[in-house]
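Hi everyone, thanks for coming. I'd like to walk you through one fold today, so please have a look at it with me.

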Amino acid sequence: MIPIPGNVRVLLATGYTDMRRGFPSLALQVQEVLHKDPLSGHLFVFRGRRSDLVKAIWHDGQGACLFTKRLERGKFIWPSVAGESVTISPAQLSYLLSGIDWRNPQETHRPTRVG
C-alpha cells in the first residue's frame with residue numbers, strides 16, 4: 001500500500017458507488033453529494049455494490065491519485081447511512097483494506113511471560 005501521511009482525513013462515502021467511475025467523476029460525486037473539496041488533501045473511499053471492491057481518491061498536492069482494491073474473499077465492512085460520509089482514522093483504513101471490521105478490531109491474546 002502507498003503510505004498516506006498521518007494528518008490526512010479519511011472519509012468513507014456511504015452507500016454504493018458505480019465502480020466504472022474514474023477520478024473525475026468520483027471527484028464530482030465528492031463535490032455534489034458529500035459537499036467536500038476533492039482537492040483538499042483528504043482521502044475519499046468508495047465501495048461497489050457487491051462490497052468486494054473499493055476505490056479511493058486523493059489529491060496529494062502534486063496530482064490526483066486513484067487507488068483500487070478488490071478482496072478475493074469476503075466483503076468490505078461499510079457504514080449503512082446513505083448520502084453522507086463517515087470519517088475514520090488512517091489505522092481504521094488499514095483494517096478496512098485488510099477486510100477486518102474496522103469498527104471494532106479485536107486484539108489477540110498476548111502471553112505475559114514465556115514458558
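I'll start with the packing inside and then turn to the strands. Keep in mind that this is a predicted model.

The largest nonpolar core has 18 residues. Those with the most contacts inside it are Leu-12, Leu-43, Val-45, Trp-78, Leu-93 and Leu-96. At least two residues of this core come from each of strand S1 (10-13), strand S2 (43-47), strand S3 (53-59) and helix H2 (90-97). There is also another core, lying apart from that one, with 12 residues, including Leu-11, Val-30, Leu-53 and Ile-57. As a general point, nonpolar side chains in soluble globular proteins tend to be buried together.

Let's zoom in on Val-45. Beyond its neighbours within four places in sequence, Val-45 is in contact with Val-10, Leu-11, Leu-12, Ala-13, Val-54, Lys-55, Ala-56, Trp-78 and Leu-93.

Now, how many of the seven residues of S3 are buried? Seven of the seven. On one side we have Leu-53, Lys-55, Ile-57 and His-59, and on the other Val-54, Ala-56 and Trp-58.

What about the partners of S3? S2 pairs with S3 in the antiparallel sense over five bridges, and Leu-43 stands opposite Trp-58. Their hairpin has five residues between the strands, with Ser-51 in the turn at a positive phi of about 70 degrees.

S3 is also joined to strand S4 (residues 64-70) by seven bridges, again antiparallel, and here Ala-56 stands opposite Phe-67. That hairpin has four residues between its strands, and Gly-61 takes a positive phi near 100 degrees.

Methods
Residues numbered from 1 in each chain as written. Predicted model: local features only at pLDDT ≥ 70, side-chain atom pairs only at ≥ 80, totals over all residues. Heavy atoms only, no water. Core = buried A, V, L, I, M, F, W, Y, C linked by side-chain atoms within 4.5 Å. Buried < 20%, exposed > 50% of the residue type's maximum accessible area, 1.4 Å probe, protein only. Contact = heavy atoms within 4.5 Å. Pairing = 2+ DSSP bridges.
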